[in-house]
Amino acid sequence: MPTLPSEPHRQRAIAESFGVDAARYDRTRPDYPAAMVRRIVEASPGPLVLDVGCGTGTAARQFRAAGCTVLGVEPDPRMAEFARRDGLAVEEAVFEAWEPAGREFDAVVAGTAWHWVDPVAGAAKAARVLRPGGRLAVFWHAFALPAQLAQAVSPIYRKVAPDLPFPGSAAQPQQHYQALCTKAVDGINQSGAFDPPEQWQFDWERRYTRDEWLDQLPTHGVLTRLPAEQLAPVLDGVGTAIDELGGSFTATYTTVAVTAAHRAR
């Protein structure tokens, strides 16, 4: 699978494109593993959580359900407004420029968002707002399609958008996001404010029907900015490929987390 740009945090047009259909994004994107949420909560000194790039509130709702008090920071007003409808507190800002106003947190988390944050400045900002012993935890979903489906849909992406990376190849999913994890680790280490980072991994699967997958596809970063006339043949081609597999398939997911405890000041 081709990688994201070498400095994705500079690609603001992509980073802020997901709010074009916030309801679809929220409806179709999967939750994070409950075991990961529990582990982060248990490793944090208290219940106050800052969710960086909270989007529509997927992770924030899970941490709230686990007993946490969550504040979101989100640069896209469309995503922020959607999250607020569910009672979440969200402040609109790019994290690096967000003003904490003296507030401190027990955990700073970022679900499928930390690659849009400068990894060095982001880690320094997280250290600024974390209590001693507080935890930074940034995590991503990596997924792989069945090999037959990946082989069938790859030419569709190449034809319609040859310069865009194709998500969901049949390679080992954890390899897809290792570069992002490495950047996160490097940023945390450069801050000098954290214990050595750990990497956690959670493997799981999800079954998708044709309609469920086609509903999610327009929320993928490689497709969010495509005009309708380019998106339609992608959806048609992928739908046909899924039909040929019997109308559904199982995606293999790995949720990877980079996490570190804040050293006492």
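Visitor: In what order do the strands of the open sheet of 7 strands run?
Guide: This is a predicted model, where local features need pLDDT of at least 70, side-chain atom pairs count only at pLDDT 80 or more, and totals for chains, interfaces and linings use all residues. Residues are numbered from 1 along each chain as its sequence is written, and side-chain values use heavy atoms, with hydrogens and water left out. Strands (E, at least two residues) and helices (H or I, at least four) are DSSP runs, numbered from the N terminus. The pairing in the sheet is mixed, and the order is E3-E2-E1-E4-E5-E7-E6.

Visitor: Which are the edge strands?
Guide: Two strands pair if DSSP finds at least two bridges between them. An edge strand here pairs on one side only. The edge strands are E3 (89-92) and E6 (198-209).

Visitor: Which residue in E4 is the bridge partner of Asp51?
Guide: E1 pairs with E4 (residues 105-111) in the parallel sense, over 3 bridges. The partner of Asp51 in E4 is Val109.

Visitor: Is Val49 buried or exposed?
Guide: Val49 sits in strand E1 (residues 48-52). Buried means under 20% relative accessible area, exposed over 50%, and partly exposed in between, with a 1.4 Å probe and protein chains only. Val49 has 2% relative accessibility, so it counts as buried.

Visitor: How far apart in space are Val49 and Val108, C-alpha to C-alpha?
Guide: In sequence, 59 residues separate Val49 and Val108. In space, their C-alpha to C-alpha distance is 5.8 Å.

Visitor: Which residues of helix H4 are buried?
Guide: H4 covers residues 58-65. Its buried residues are covered by elements including H2 (22-28), H3 (34-42), E1 and E4. The buried residues of H4 are Thr58, Ala59, Ala60, Gln62 and Phe63.

Visitor: Why do H6 and H9 count as oblique to each other?
Guide: Axes are lines fitted to C-alpha atoms, for helices over the stretch in contact, and angles run from 0 to 180 degrees between N-to-C directions. Under 35 degrees is roughly parallel, over 145 roughly antiparallel, 65 to 115 roughly perpendicular, and the rest oblique. H6 (residues 119-129) and H9 (residues 178-191) pack with their axes 8 Å apart, at an angle of about 55°. H6 and H9 are therefore oblique.

Visitor: Which residues in H9 do Pro119, Val120, Ala123 and Ala124 in H6 meet?
Guide: Contact means heavy atoms within 4.5 Å. The four named residues of H6 meet Lys183, Gly187, Ile188, Gln190 and Ser191 in H9.
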